[in-house]
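Dear colleague,

Please find the structure below, handed over for your records. My notes on what was found in it follow directly after.

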Amino acid sequence: MKVFISCDIEGVSGVVDSRDQTSSEGKDYQRARELMTQEVNSVIEGAVQAGAKEILVNDSHGSMRNILIEKIHPAATLLTGSPKPLSMMQGISEEFDACIFVGYHSRMGSPGVLSHTISGASVADIWVNDILVGETGINAGIAGFYGVPVVLVCGDDVLAQEAKQLLPHVHTAVVKEAVGRYAAKCLPPQKVKEVLIKSTIQALESIEEAVPWLLESPVTFKIRFKDSGLAEGAARMPYTEVLDPRTVSFTADDYMTAFMGLRSMIALSRG
Ligand SMILES: [Zn+2]
C-alpha cells in the first residue's frame with residue numbers, strides 16, 4: 001500500500017495564530033513546525049501499522065519548508081520546498097492507494113481556526129462546478145483525478161464537518177475544537193498522537209469504502225475575490241469569464257487544466 005500525505009500547519013493542535021505561529025518570522029514558528037512534524041509523524045506511524053510500504057509526505061504550508069527532516073519518521077520520504085506545479089498535492093499519482101490531509105483548515109468564511117482558501121489576502125470563496133469548496137475539496141479533486149481517495153482529514157471540528165459534507169466516506173481526526181477564528185480548545189500533543197495513530201489505522205483499514213472524488217467534465221472554477229480590483233487582475237487571464245465585479249470563472253475540459261487556471265487567476269489577482 002502506498003500512502004500520500006499533504007501536510008499544512010493551520011490545523012495542527014496548538015496553532016491558532018497566523019502572525020506568531022504560521023509565518024516563518026513568527027516568534028512561535030519554530031514550536032509550531034515541531035508540532036506539525038509530530039502530527040505528520042503520528043499519521044506516518046499509523047500508516048506503517050496499517051501496512052503502508054511507501055509513504056510520501058508533501059509539505060504544503062507557505063514556503064513548504066516547515067517539516068523538520070531531521071525529525072521525520074524514517075518510513076516516509078519528504079517532499080519539501082516550493083514552488084511546485086501541483087502545490088499542496090505535488091507528488092500524487094495513480095500509484096497511490098490513499099491520500100491523507102494533516103494539519104488542514106476549513107474554508108474561508110467558515111468559523112474554523114485560521115479559516116482561508118489558498119490566499120487569505122485575496123480569495124473570499126471558491127466553487128468547483130458550483131460546489132463551494134476549501135482546500136480539502138480542491139485537493140481531493142486532484143487526488144480524484146488520479147483515482148486516489150482521500151481517506152482521512154485531520155484538523156479542527158469545523159474542518160471535519162466540511163470534509164464529511166463533501167466526502168461522506170472520509171474519516172476525520174479532530175485535534176482541536178474551534179472557539180473562534182483565532183482560538184481553540186486543543187488536545188495536548190500526547191493525546192493528539194494517540195488520536196492520529198488510531199484514526200489513520202481505522203481509515204486505512206476501511207480503504208475499500210473510500211471513493212475518489214471525481215468531478216464531471218467540463219470543470220469550472222469560480223472565484224469570488226475580496227474586492228473588485230483583485231477580480232480585475234484575475235480577469236486578465238485568457239478565457240476567463242467575469243460574472244460580477246468580484247467573481248471570475250474559468251472552465252476547462254479536465255480537472256488539472258482547470259486547477260492550473262485557478263492558481264493562475266489567484267496569482268494574477270495580486271498584480
Ligand atoms: Zn497553510
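Two rings of Phe, Tyr or Trp are taken as an aromatic pair if their centres lie within 6.5 Å, and a pair counts as edge-to-face if the planes are over 60 degrees apart. The model is a predicted one, and by this rule it contains 4 aromatic pairs. One of them joins Phe 145 and Tyr 146, with 5.1 Å from centre to centre and 85° between the planes, which makes the pair edge-to-face. Phe 145 is partly exposed, at 39% relative accessibility.

Another edge-to-face pair is formed by Phe 221 and Tyr 255, with the centres 5.6 Å apart and the planes at 65°. Phe 221 belongs to strand E10 (residues 219–225) and Tyr 255 to helix H7 (residues 255–269), so this pair ties together parts that are 34 residues apart in sequence. Phe 221 is buried, with a relative accessibility of 0%. Tyr 255 is buried as well, at 5%.

A ring also takes part in a contact with a charge: the charged end of Lys 222 sits over the ring of Trp 127, at 4.7 Å from the ring centre.

Asp 8 and His 61 link distant parts of the chain, 53 residues apart. Asp 8 is in the loop between strand E1 (2–7) and helix H1 (18–22), while His 61 is in the loop between strand E2 (54–59) and strand E3 (76–79). Asp 8 is buried, because its relative accessibility of 2% is under 20%. His 61 also counts as buried, with a relative accessible area of 9%.

Salt bridges

How many salt bridges does the structure hold? The count is 11, and the following are among them.

Glu 95 and Lys 2 meet through their side chains in a salt bridge of 3.2 Å, N to O. This pair links distant parts of the chain, with Glu 95 in the loop between E3 and strand E4 (98–102) and Lys 2 in strand E1, 93 residues apart. Glu 95 is exposed, with a relative accessible area of 53%, whereas Lys 2 is partly exposed at 23%.

The side chains of Glu 34 and Lys 71 form a salt bridge at 2.7 Å, N to O. Here too, distant parts of the chain are linked: Glu 34 lies in helix H2 (residues 29–49) and Lys 71 in the loop between E2 and E3, 37 residues apart. Both residues are partly exposed, Glu 34 with a relative accessible area of 27% and Lys 71 with one of 44%.

Salt bridges that share partners also join Arg 19, Asp 20, Lys 27, Asp 28 and Arg 31 into one network. Arg 31 is exposed, with a relative accessible area of 58%.

With kind regards

Conventions:
Residues numbered from 1 in each chain as written. Predicted model: local features only at pLDDT ≥ 70, side-chain atom pairs only at ≥ 80, totals over all residues. Heavy atoms only, no water. Helix = DSSP H or I, 4+ residues; strand = E, 2+ residues; numbered from the N terminus. Buried < 20%, exposed > 50% of the residue type's maximum accessible area, 1.4 Å probe, protein only. Phe/Tyr/Trp six-rings, centres within 6.5 Å; stacked < 30°, edge-to-face > 60°. Lys NZ or Arg CZ within 6 Å of the ring centre and 35° of its normal. Salt bridge = Lys/Arg side-chain N within 4 Å of Asp/Glu carboxyl O.
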